[in-house]
Amino acid sequence: MSAASLTWVCLLAGGSAFIVALVLAGTGRRHARALDDTWNEPQKLHRTAVPGMGGIAMAAGVLAGAAAVQVLAGGVGAFWMLLVCMVPGFAWGLIEDLTKRGA
């Protein structure tokens, strides 16, 4: 894969993540229950309520980049397998953010 192709893949992945993040931030009132507003939990580092949906934007960027590499290079089989293996962790994090009941 050439350097120019790799640049386009990175721009596509970053742009996809940015657009999804903008959409999530713009529709924040609809998913306000996903705000990270619990203060007594051991994993909490923020001083104000922050959206807990940033992982969705990051996942969109990774998937867009992987799809672009698949199209341009013709194969990223092992990487797709890694993404499939990451789905349970991603799903659990999303459930935890939405329900606030995951320890």
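**Helix α1**

Helix α1 comprises 24 residues and extends 34 Å between its first and last C-alpha atoms, close to the 34 Å expected at 1.5 Å a residue, where the expected span is 1.5 Å times one less than the number of residues. Helices here are DSSP runs of H or I with at least four residues, strands are runs of E with at least two, and both are numbered from the N terminus.

Within α1, Val-9, Ala-13, Ser-16 and Leu-24 are buried, that is, under 20% relative accessible area, whereas exposed means over 50% and partly exposed lies in between (1.4 Å probe, protein chains only). The buried residues of α1 pack against α2 (54-73), contact being heavy atoms within 4.5 Å. Ile-19, also found in α1 (residues 3-26), is exposed, with a relative accessible area of 53%.

**Model and confidence**

This is a predicted model, in which local features need pLDDT of at least 70 and side-chain atom pairs count only at pLDDT 80 or more, while totals for chains, interfaces and linings use all residues. Residues are numbered from 1 along each chain as its sequence is written, and side-chain values use heavy atoms, with hydrogens and water left out.

The mean pLDDT (the predictor's confidence in each residue, from 0 to 100) is 79 for the protein, and 71% of its residues reach 70 or more.

**Helix α2**

The buried residues of α2 are Ala-57, Gly-61, Ala-64, Gly-65, Ala-66, Ala-68 and Val-69, and they pack against α1 and α3 (77-99). Just after α2, Gly-74 takes a positive phi of about 90 degrees.
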